[in-house]
Amino acid sequence: MIERVEKSNKIYPIYYGLSSDLVFWIAINTLFLSTVKNLSAFQINSLTTISTILAIVLYFFASKIINKIGNITSVRLANLLLLLSSLLLTFSKSYFLLLLGQILYEFAFVFKAIDSVILIKNLKYLKKEEKYLEIKNKGTTIYSLITMIISLISGFLFNINPYLPMFICVFICIINLILSMFIVEADTKEKTNMKRNIKISKLVMYIILIYSLLYGIVVIGQNNAKLFMQYRLNEVVSIEKTAIILSFIVFASRLVRLISNLTFMKIYNVLKNKIIILMEFLLLVSYVLFVIGNFIKNGIIAALIMAIGFIIFLWLRDPIENLLTELLMKNSKVDERERTIIYFQFFRKLITFLLSMIATLILLKFEMVYVYGLFTIIVFMYIPLIINFYKLLK
């Protein structure tokens with residue numbers, strides 16, 4: 001059993017790096033749906049909105065389902081759903097089948113979250129729990145490297161044949177499903193009681209809240225950043241030049257995301273839990289840069305200032321997830337980890353969705369700067385929460 005668990009732990013970073021999202025799809029999704037599937041902007045946004053709401057509903061039943069089928073089956077089911085999703089998104093011609101593909105995509109990550117529980121259980125079995133952050137960081141490093149390469153080549157592949165990136169996506173999903181067969185769970189003889197109500201400690205509640213708020217605010221900032229920069233660039237340069245400048249900015253952000261993963265453990269070893277304060281500071285700086293950029297008259301300089309904020313979002317994304325997932329696993333009772341990780345992902349999804357809706361409602365009547373202005377205030381309001389959280393960790 002020890003050899004199988006050790007092999008599983010070695011495979012985990014590669015598996016995690018390849019399966020953290022539908023690679024290639026995330027690079028060309030809007031372009032593919034609009035030009036190949038001929039969907040309108042409203043239809044494209046409705047795919048995400050409907051599937052996200054259904055995924056939030058699924059979280060209420062996820063504990064019972066996972067308890068019924070087991071952790072390993074949950075992970076394999078997640079990868080099967082991702083494969084089916086990629087096939088539907090690639091080959092479907094009707095809106096409703098594309099919607100089904102998007103729903104399966106969102107459902108997959110409800111079950112996939114359990115792979116973190118399996119890893120920590122395996123490390124505990126081997127008495128190497130301190131290796132969790134290191135292994136998880138290797139996984140996000142591989143993922144950031146893959147997405148960086150994809151950001152360079154996806155456009156060229158799409159121009160050769162619009163379906164080519166999606167064919168590669170399907171192929172990688174098949175590889176992920178095969179890799180998931182080699183992920184095993186150590187038999188620790190510890191039973192998880194998913195039926196009883198669990199008492200969440202104050203610290204665990206803080207971890208879930210901090211993670212959801214930080215992750216959600218990063219996602220909203222990142223998702224709207226390219227459009228904001230595009231508006232400013234379009235004031236002074238052509239659409240063609242805007243596309244080139246934005247591609248360089250996106251590539252730079254992906255490179256920084258890779259560097260973030262490569263250097264995170266060194267920074268963490270120096271700062272320890274103080275790194276959460278650094279994350280909050282950088283998040284505030286990133287939003288302030290977008291607000292400042294809005295008031296710079298020169299569109300190119302404005303976009304470059306905003307680009308620094310955008311790059312910070314990418315620097316923060318993986319460390320936030322890795323650090324807070326580890327803190328959650330460390331501070332949760334062994335028999336409650338499966339349920340706790342579901343709460344962890346549920347609140348992330350819920351808060352990100354609510355923040356997204358706030359941003360959308362603002363944009364119905366106001367310009368993009370009002371979104372970043374309001375969210376700058378929200379991030380500033382996080383400061384007392386972060387300080388209290390750091391005190392709890394101490």
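The model is predicted, so local features need pLDDT of at least 70, side-chain atom pairs count only at pLDDT 80 or more, and totals for chains, interfaces and linings use all residues. Residues are numbered from 1 along each chain as its sequence is written, and side-chain values use heavy atoms, with hydrogens and water left out.

**Terms**

Helices are DSSP runs (H or I, at least four residues), numbered from the N terminus. Contact, or touching, means heavy atoms within 4.5 Å. Buried means under 20% relative accessible area, exposed means over 50%, and partly exposed lies in between (1.4 Å probe, protein chains only).

**Helices α12 and α13**

Helix α12 spans residues 299-331 and helix α13 spans residues 337-365. They pack at an angle of about 145°, with their axes 10 Å apart. Axes here are lines fitted to C-alpha atoms over the stretch in contact, and angles run from 0 to 180 degrees between N-to-C directions. The crossing of α12 past α13 is right-handed. A crossing is right-handed if the near helix is turned clockwise from the far one by less than a right angle, and left-handed if anticlockwise.

From α12, the contact uses Glu321, Leu324, Thr325, Leu328 and Met329. From α13, it uses Arg337, Thr340, Ile341, Phe344, Gln345 and Arg348. These residues of the α12 and α13 contact divide into 5 nonpolar, 3 polar and 3 charged. In this count, Ala, Val, Leu, Ile, Met, Phe, Trp, Tyr, Cys and Pro are nonpolar, Asp, Glu, Lys and Arg are charged, and the others, Gly among them, are polar.

Arg337 lies in α13. Arginine 337 is buried, at 6% relative accessible area. Leaving aside neighbours within four places in sequence, arginine 337 is in contact with Val117, Ile120, Lys124, Glu129, Met329 and Ser332.

**The nonpolar core**

A nonpolar core is a set of buried Ala, Val, Leu, Ile, Met, Phe, Trp, Tyr and Cys residues joined through side-chain atoms within 4.5 Å. The largest one has 131 residues. Ile217, Ile276, Leu324 and Phe389 have the most contacts inside it. Helix α9 (residues 202-234) gives the most to this core, with 18 residues.

Isoleucine 276 touches Ile210, Leu214, Leu323, Leu324, Ile386, Phe389 and Tyr390, not counting residues up to four places away in sequence. Isoleucine 320 is in helix α12. The C-alpha atoms of isoleucine 320 and methionine 279 are separated by 7.7 Å, although the two are 41 residues apart along the chain.

**Buried residues in helices**

| Residue | Helix | Relative accessible area |
|---|---|---|
| Alanine 108 | α5 | 1% |
| Serine 116 | α6 | 5% |
| Isoleucine 320 | α12 | 2% |

Alanine 108 contacts Ala78, Leu81 and Leu82, leaving aside neighbours within four places in sequence. Its C-alpha atom is separated by 9.8 Å from that of aspartate 21, 87 residues apart along the chain. Serine 116 touches Tyr12, Tyr132, Lys136, Thr325, Met329 and Ile341, not counting residues up to four places away.

**The kink in α10**

Helix α10 (residues 239-271) has a kink of about 45°, centred on threonine 263. The bend at a residue is the angle between axes fitted to the seven residues ending there and the seven starting there. Buried residues of α10 include Leu246, Ile249, Arg254, Arg257, Asn261 and Phe264. Among the elements that cover the buried residues are α7 (132-160), α9, α11 (275-294) and α12. Leucine 262 is also in α10, but it is exposed, at 52% relative accessibility.

**Positive phi**

Most residues other than glycine have a negative phi. Lysine 272, which follows α10, has a positive phi near 55°. Asparagine 38 has a positive phi of about 60°, in the loop between α2 (25-35) and α3 (41-69). Asparagine 38 is exposed, with a relative accessible area of 60%. Lysine 127 has a positive phi near 60°, in the loop between α6 (115-125) and α7. Lysine 127 is exposed at 74%.
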